[in-house]
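I opened the notebook to look at how two parts of one chain meet. My entries follow the model below.

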Number of protein chains: 2
Amino acid sequence: MPEPTIEDNVSDLTRISRQLRKETGWHGYDISLSCLRKLDTTLRESGFKITVSIGKHKNGYKLLNIEQGDTTNLHYGVAVDVGTTTVVAQLVEMNTGRIMGVTGAPNPQASYGEDVISRIIYACNKNGLEELHHVIIQDINRLIEELISEKNISHDDIIAMVAAGNTTMSHLLLGLMPCSIRLEPYVPVADIYPQISAKEIGIKINPDAIIEVLPSVASYVGGDIVAGVLACGISESSEITGLIDIGTNGEIAIGNNEWLVCCSASAGPAFEGGGTRCGMRATKGAINEIRISDGKIDYKTIGNAKPRGLCGSGLIDCIYELVKNKIIRPDGKFERDNKDERFAIVDDIPQYTLVPKEKSGTKEPIVITEMDIDNLMKSKGAVFAAMKSLADYIGISFDQIEKLYVAGGFGNYLNIEKAIGIGLLPDMPREKIEFVGNTSLAGARISLLSEEALEKAFIISRAMTNIELSVYQPFMDEFVAALFLPHTNKELFPSVKY
Amino acid sequence: MPEPTIEDNVSDLTRISRQLRKETGWHGYDISLSCLRKLDTTLRESGFKITVSIGKHKNGYKLLNIEQGDTTNLHYGVAVDVGTTTVVAQLVEMNTGRIMGVTGAPNPQASYGEDVISRIIYACNKNGLEELHHVIIQDINRLIEELISEKNISHDDIIAMVAAGNTTMSHLLLGLMPCSIRLEPYVPVADIYPQISAKEIGIKINPDAIIEVLPSVASYVGGDIVAGVLACGISESSEITGLIDIGTNGEIAIGNNEWLVCCSASAGPAFEGGGTRCGMRATKGAINEIRISDGKIDYKTIGNAKPRGLCGSGLIDCIYELVKNKIIRPDGKFERDNKDERFAIVDDIPQYTLVPKEKSGTKEPIVITEMDIDNLMKSKGAVFAAMKSLADYIGISFDQIEKLYVAGGFGNYLNIEKAIGIGLLPDMPREKIEFVGNTSLAGARISLLSEEALEKAFIISRAMTNIELSVYQPFMDEFVAALFLPHTNKELFPSVKY
């Protein structure tokens with residue numbers, strides 16, 4: 001910028017504003033106080049050569065950061081998927097969109113309750129909300145710390161964050177009281193969340209960085225599914241497209257560029273490695289592929305490490321292989337007359353050893369119990385029943401769905417064939433089904449990098465019609481019918497043979 | 001509002017937003033985080049009967065506070081005039097505009113330097129800015145405390161504040177570095193200040209209350225004169241109107257609805273009771289009127305209390321009476337052959353006793369010294385010279401000014417006749433001159449109560465052309481010419497006879 005002279009001695013802020021108008025067409029004076037406070041020094045030490053970061057607010061733009069020299073390529077953003085069981089954060093270069101790193105950790109709130117309902121109950125106790133709010137903020141701060149360590153990136157360089165999570169997670173992230181979500185008539189405090197600055201909730205990035213929490217649709221349909229619909233472009237296409245996001249909450253959306261409906265069903269933490277004896281997140285050492293043939297077990301682990309447990313995709317494979325090899329029956333119970341030494345009944349619980357302790361990375365055998373299978377049956381049953389109920393509600397058959405995206409924190413792998421085989425996914429032509437990984441995170445990242453996308457997320461959240469399954473009687477019937485491998489109604493799974 | 005049902009279970013925020021759209025036409029979701037955090041409780045404890053406070057932001061509206069029941073008449077705002085020497089705060093009922101109280105105190109920054117230049121120098125030392133920022137915030141908090149005490153008003157009930165001050169005071173209030181204001185080319189960090197929330201600078205009212213600092217025009221023409229132009233409606237009328245705001249800085253604006261010019265000149269603290277032996281602010285016990293005839297002195301004090309000193313209007317009267325009674329000469333020096341026992345030379349300084357110690361509220365005599373008179377001569381000379389220079393610069397004579405408003409912290413009284421008599425104000429027809437009190441405070445209050453007025457203040461600040469007197473040679477000549485009672489050029493004061 002030209003330096004001030006006695007003939008041109010407008011204020012520093014006006015000078016910047018004038019220059020910005022020349023270069024970007026934007027004209028305004030909205031600026032964060034902390035930024036304004038260091039303006040004098042920044043301008044004069046740099047000889048009026050600066051880089052300005054501008055944030056988009058709901059109603060306009062705001063100068064967020066002003067730095068000496070050209071720092072265009074040194075600005076970062078964080079996309080966060082705040083899952084009930086797992087929290088994943090991604091560091092992104094704002095100028096290029098390049099992903100600089102991604103990391104995840106169990107949601108530390110899990111120790112206060114595995115599912116959203118138990119979290120809500122905890123939050124509604126004295127100081128419960130503060131506690132849950134505090135631990136998730138700390139957790140995100142740790143993930144950010146991990147992402148920037150060894151990268152020579154300072155906290156101040158991170159100028160934006162977008163988080164996506166289900167409605168309860170979004171409430172806890174912002175410290176909003178979630179109590180009414182649980183009680184009829186299931187009303188969240190907010191579904192559109194205010195834009196806040198990082199310092200307001202103690203996220204350790206640039207204190208004035210804008211934090212957006214993607215909007216929810218209803219008490220049990222959150223910003224995560226909105227992010228998913230955004231990431232999969234469902235609302236852009238004229239074809240009927242479905243999205244199943246398999247997490248602790250199974251969330252399903254079906255629609256096209258004219259309509260969007262969605263629903264959710266509690267699936268439990270099994271697909272994210274919780275609630276089963278040897279379950280684990282999809283991280284190093286997790287078995288994510290299994291094949292059993294002639295009593296021999298082949299498996300692959302993430303990072304080719306020694307096996308430490310089973311992640312969601314490993315569990316799906318495992319159940320499929322067990323039923324295919326007739327080790328378990330279609331009702332999920334073990335065949336009791338199994339002579340295989342891998343099979344045993346310990347403390348009255350039938351179990352099957354996948355990895356003996358001498359080959360295990362934890363020195364403990366990796367087993368799957370009948371109880372684990374029972375949990376997974378309920379999980380997959382809930383997801384399928386939700387999908388089926390939603391399709392019935394809209395009045396379409398699975399045939400009419402042109403594309404089905406399957407999302408979830410399964411790492412990089414999900415065997416679609418086997419997921420259909422256990423009745424988790426509908427028996428559709430395989431080429432119509434695509435595993436797309438963590439769409440909650442992807443949607444958050446897209447919204448981080450583009451105002452237009454963020455605006456679209458808002459529109460999606462307003463356009464989506466939520467079907468409250470908890471008061472939709474056919475859902476319970478569908479759920480019970482789905483507690484079988486692949487399903488009590490075999491006609492729904494014509495291609496599944498075992 | 002209607003309570004939620006299972007058929008109508010939109011989020012609490014959406015419910016409020018929907019209701020607001022019905023009642024006000026405004027539709028939006030922008031809300032402060034703290035407000036959102038207590039929403040659940042507020043709604044359910046009140047049975048969904050609430051009062052919503054909405055604040056206007058630069059680019060839209062924001063829900064600031066949501067309270068149980070009908071609290072429409074229980075919302076307050078604070079208007080603050082942050083003067084170099086004196087800080088005045090006024091408590092206003094937002095719904096009715098009723099003034100609930102007003103109080104003032106010396107600006108505690110004065111102990112770090114009497115005028116803006118010495119404050120700037122102090123601020124530019126290590127920690128100086130933090131210190132000056134801190135003491136003014138503390139001072140305003142004390143004034144607010146005083147205003148609400150015994151009124152059963154809580155800090156949270158105060159939902160807005162507007163402050164007006166000169167550019168340096170505004171910078172110090174916001175913690176902005178004022179260093180460049182003092183150095184050529186005299187560039188402030190900002191002239192439009194960002195809207196902030198109370199918690200950002202530690203003002204103890206509702207933490208989310210919006211604080212507006214009225215915009216400045218240039219380094220030495222601040223929001224106080226913008227407030228004055230607004231309060232006097234100068235930019236509304238087609239008549240050429242002038243405003244002289246007499247404070248530590250004398251600020252002058254002349255214009256109409258087509259053009260506005262302004263300038264400022266350092267007048268020193270004399271008019272606010274500083275820099276003179278027995279000067280004091282216009283508070284209880286201050287002599288604000290004096291008459292001397294036949295060696296007898298009559299005076300009035302504020303609150304009819306025992307006299308404690310001289311405020312600005314008392315000083316003006318005093319000088320006028322002294323010169324009229326030939327106790328001092330037109331050059332401001334005492335006639336040395338005065339036999340009156342009130343006259344004395346103490347420590348080489350000629351002085352005149354106005355109130356003997358036995359009648360004084362301080363037990364000390366109230367005197368005026370030749371040095372005091374000298375200071376006041378410089379003060380009035382600077383103000384008049386600025387006014388004259390500005391008129392000459394525009395190319396108008398005083399005759400063409402249809403109305404001249406005189407503002408300043410003189411309490412409720414200023415004797416226009418005597419102010420002309422000493423050459424402070426131009427010798428215009430008396431009916432054209434009106435003393436209007438503290439217009440900085442009045443403008444702040446108007447902006448507090450009306451968005452439209454706030455917007456007007458912004459427009460005024462952009463429309464006003466500042467004449468930098470410090471680089472305008474004729475000003476210095478005018479100043480020297482004005483160091484006489486009433487003026488070296490008697491033709492400028494045809495009606496003044498003594």
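I began with the term I would need: a salt bridge here is a side-chain nitrogen of Lys or Arg within 4 Å of a carboxyl oxygen of Asp or Glu. The model is predicted.

Entry, salt bridge. I looked up A:Arg462 and found its partner to be A:Asp191. Their closest N and O atoms are 3.7 Å apart. That pair counts because the cut-off is 4 Å. I then checked the count between domain 2 of chain A and domain 3 of chain A, and it is one salt bridge.

Entry, polar contacts. I counted seven residue pairs in polar contact between domain 2 of chain A and domain 3 of chain A, both residues at pLDDT 80 or more. Next I asked which strands of chain A each supply at least two residues to the side of domain 2 that touches domain 3. They are β3 (76–82), β4 (86–93), β5 (99–106) and β6 (158–165). I sorted the residues of that side of domain 2 into 14 nonpolar, seven polar and five charged.

Entry, layout. I noted four domains in chain A: domain 1 (12–70), domain 2 (74–213), domain 3 (223–269 + 376–492) and domain 4 (284–372). For domains 2 and 3 of chain A, the C-alpha centres lie 23 Å apart. Domain 2 puts 26 residues into this contact, and domain 3 puts in 20 residues.

Entry, buried area. Domains 2 and 3 of chain A bury about 1,900 Å² between them. Carbon and sulfur atoms carry 67% of it. On the domain 2 side, I found that A:Asp81, A:Val162 and A:Ile192 supply 23% of the area buried against domain 3, more than any other three residues.

Methods
Residues numbered from 1 in each chain as written. Chains lettered and ligands numbered in written order. Predicted model: local features only at pLDDT ≥ 70, side-chain atom pairs only at ≥ 80, totals over all residues. Heavy atoms only, no water. Domains from an automatic or database assignment. Contact = heavy atoms within 4.5 Å. Buried area = accessible area lost by both parts, 1.4 Å probe. Polar contact = N/O pair within 3.5 Å; in protein donor to acceptor, adjacent residues only side chain to side chain. Helix = DSSP H or I, 4+ residues; strand = E, 2+ residues; numbered from the N terminus. Nonpolar A, V, L, I, M, F, W, Y, C, P; charged D, E, K, R; others polar.
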